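Hi there,

Here is the structure I promised to pass on to you. Please open it and keep it beside you while you read my notes below.

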Amino acid sequence: MRVIVDSLEMASNVPKASEPPKASGLATIAAIATPLGRGGVGVVRLSGARAYDIACTLTGKSAFTPRMASFCRFYQADGTVIDEGLVLYFKGPHSFTGEDVIELQGHGGMILQNQLLARVFELGAKQAGAGEFSYRAFDNDKLDLVQAEAIADAIDATSAAAASSAIRSLSGEFSKKINQLLEQLIHLRLHVEAAIDFPDEEDVDFLSDGVIQSKLEQTQDKIQQVLATAKQGQLLRDGIHVVLAGRPNAGKSSLLNRLAGQERAIVTDVAGTTRDTLQETVVLNGLTLHLTDTAGLRETEDTVERIGIERARTAITQADMLLMVYDVTRDLEEEDTPLQLAEQLFGELPEAKRLLIIANKSDLLSDLLDDSSSQIHSVSQIAIKERGYEQVNVSCETGAGIDNLVEALCAKVGFHPPENSLIARTRHIDALRRTADSLAEAHEQLTVFQAGELVAESLRQAQNSLGEITGAFSADDLLGKIFGSFCIGK
Ligand SMILES: Nc1nc2c(ncn2[C@@H]2O[C@H](COP(=O)(O)OP(=O)(O)OP(=O)(O)O)[C@@H](O)[C@H]2O)c(=O)[nH]1
Ligand SMILES: [Mg+2]
């Protein structure tokens with residue numbers, strides 16, 4: 001990029017538009033594209049048919065060269081200078097949105113940026129809505145839906161792995177997989193339609209000669225592969241909600257602090273220390289964990305503690321994963337098995353895939369090994385394993401076992417991101433599942449009933465569901481939902 005410093009033009013602040021306004025139904029939009037606050041540089045971005053003229057009037061320059069940076073002053077209508085900085089011009093369709101785009105790179109300060117934006121509005125631009133730049137890029141076929149979503153996901157990424165996966169999706173890797181599948185489906189549909197239109201051609205029954213069935217099965221396999229990749233991508237993007245629950249004094253807050261690597265929650269030996277729920281997000285082994293520490297579960301007359309326990313119960317019902325923390329010394333003394341304890345605490349035993357039993361204070365266990373508690377321990381361990389549950393022994397005091405806990409957590413949710421993972425959303429998984437369901441239906445209609453018309457219909461539905469992912473068949477309300485969650489200026 002070359003910086004053109006045109007001092008002569010800088011000196012002249014006579015508003016001058018160099019090109020006639022282009023006809024366009026869409027307003028020219030503008031927004032501050034960088035976070036508002038103190039910063040070296042702040043960017044106001046414009047897109048639309050009038051962006052170029054607005055930049056000319058704002059700077060008093062008569063022309064900008066596409067893809068070159070020009071150093072300019074930005075003027076108010078009365079000729080006073082608002083700020084100075086670079087103007088970048090991307091001529092449509094060779095721009096992010098596909099329209100003419102101007103970027104005004106001034107100084108990053110709230111007052112300056114707002115003054116610049118207000119001036120741009122005065123010259124005819126309109127405030128951009130959330131995600132409106134990206135929507136225009138989508139509308140002008142510069143991006144498909146998966147890529148547009150990947151922009152928002154890259155911005156919001158909470159881990160390095162999520163960010164690089166989002167960038168891979170943005171570069172079109174995920175879309176390519178979906179498009180290859182769509183192509184495969186379209187071929188399959190053509191075969192089926194031909195078999196319906198030309199039954200028993202040359203004594204061959206296309207529906208039952210096995211070719212369509214094997215192509216269909218190949219497509220089903222591919223969908224399952226993409227679904228597996230997408231599930232990893234969704235875990236990468238969204239992480240999981242983990243609730244730490246248990247009796248008072250079990251060490252829940254100590255565990256939160258251990259996992260967070262800082263003294264986030266108050267820890268004391270007073271039972272009932274934690275009253276309210278407390279959230280902390282951490283990234284461990286590449287997986288984002290949204291942790292919630294809760295009040296210890298017990299009967300109490302204390303009003304504040306009771307409200308805390310109610311909140312704990314709400315958090316428990318909403319968790320992807322429950323860590324039931326128990327004090328291994330105390331519960332062994334009471335001859336209480338961890339599964340009985342979990343049942344008592346949660347009303348019923350949660351599903352095995354949602355529960356991880358954390359035996360805390362294992363550093364104190366050695367003092368107990370000469371009594372019967374070690375026996376109880378191993379008996380309860382067998383019961384836990386037999387019923388598909390898992391227990392991890394930790395010491396929040398020493399940090400022992402914490403790595404095993406994180407590994408067990410990743411294994412439980414099936415998180416093992418491949419080297420080149422791609423970011424994905426619940427929406428994509430839902431569409432892939434519906435595609436897989438329609439293909440399964442098609443398979444049944446083909447192999448059990450040889451019902452060509454119904455096979456064709458199921459394949460059509462499969463294609464529609466799959467097409468939703470990249471936006472080939474997306475409804476307007478879905479688009480509104482997707483772009484509405486973007487930040488302004490993107
Ligand atoms: N020896 C030992 N003590 C621990 C361990 N973990 C926690 N403690 C102690 O146990 C006590 C209770 O710990 P907390 O983390 O406050 O327990 P909690 O489950 O959050 O308790 P409430 O907030 O009251 O429900 C504190 O004195 C901790 O120092 C551990 O692994 N080993
Ligand atoms: Mg606590």
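L322 has L355 as its bridge partner in β12. Strand β12 covers residues 355–360, runs parallel to β11 and is joined to β11 by six bridges. Strands here are DSSP runs of E with at least two residues, helices are runs of H or I with at least four residues, and both are numbered from the N terminus. Two strands pair if DSSP finds at least two bridges between them.

Before going on, a word on what you are looking at: this is a predicted model, in which local features need pLDDT of at least 70 and side-chain atom pairs count only at pLDDT 80 or more, while totals for chains, interfaces and linings use all residues. Residues are numbered from 1 along each chain as its sequence is written, chains are lettered from A and ligands numbered from 1 in the order in which they are written, and side-chain values use heavy atoms, with hydrogens and water left out.

Back to β11, which spans residues 321–327. Strand β8 (residues 240–246) also runs parallel to β11, and five bridges join the two. One of the residues to look for is A245, whose bridge partner in β11 is M324. Seven of the seven residues of β11 are buried, that is, under 20% relative accessible area, where exposed means over 50% and partly exposed lies in between (1.4 Å probe, protein chains only). M321, L323, V325 and D327 point one way from the strand, while L322, M324 and Y326 point the other way.

Now to ligand 1. Which residues are closest to it? They are K252, S254, G272, T274 and D363, out of 24 that surround ligand 1; a residue counts as near if one of its heavy atoms lies within 4 Å. This shell is made up of seven nonpolar, 11 polar and six charged residues. Nonpolar here means Ala, Val, Leu, Ile, Met, Phe, Trp, Tyr, Cys and Pro, charged means Asp, Glu, Lys and Arg, and the others, Gly among them, are polar. Helix α9 (residues 252–260) contributes the most to the shell, with three residues.

A few atom pairs are worth a look. A polar side-chain atom of S254 is 2.5 Å from an oxygen atom of ligand 1, and a backbone N or O atom of N249 lies 2.9 Å from an oxygen atom of the ligand. On the side chain of D363, an N or O atom is 2.8 Å from a nitrogen atom of ligand 1. On its own, ligand 1 has 650 Å² of accessible area, and the protein covers 89% of that (Shrake-Rupley method, 1.4 Å probe).

Ligand 2 is a magnesium ion, coordinated by S253 (OG) and T274 (OG1) at 2.0 to 2.1 Å. S253 sits in helix α9 and T274 in the loop between α9 and β9 (278–284), so the pair ties together parts that are 21 residues apart in sequence. Both S253 and T274 are buried. Donors are N, O and S atoms within 2.8 Å of the metal (3.2 Å for Na, K and Ca), and sites may look incomplete because water is not among the atoms.

Lastly, some backbone details. The peptide bond from G92 to P93 is cis, with omega near 5°, and P93 is in the loop between β5 (81–90) and β6. N285 has a positive phi, near 50°, although it is not a glycine; N285 is exposed, at 51% relative accessible area.

Enjoy exploring!

Conventions:
A polar contact is a pair of N or O atoms within 3.5 Å; within protein, one must be able to donate a hydrogen and the other to accept it, and residues adjacent in sequence count only if both atoms are side-chain atoms.
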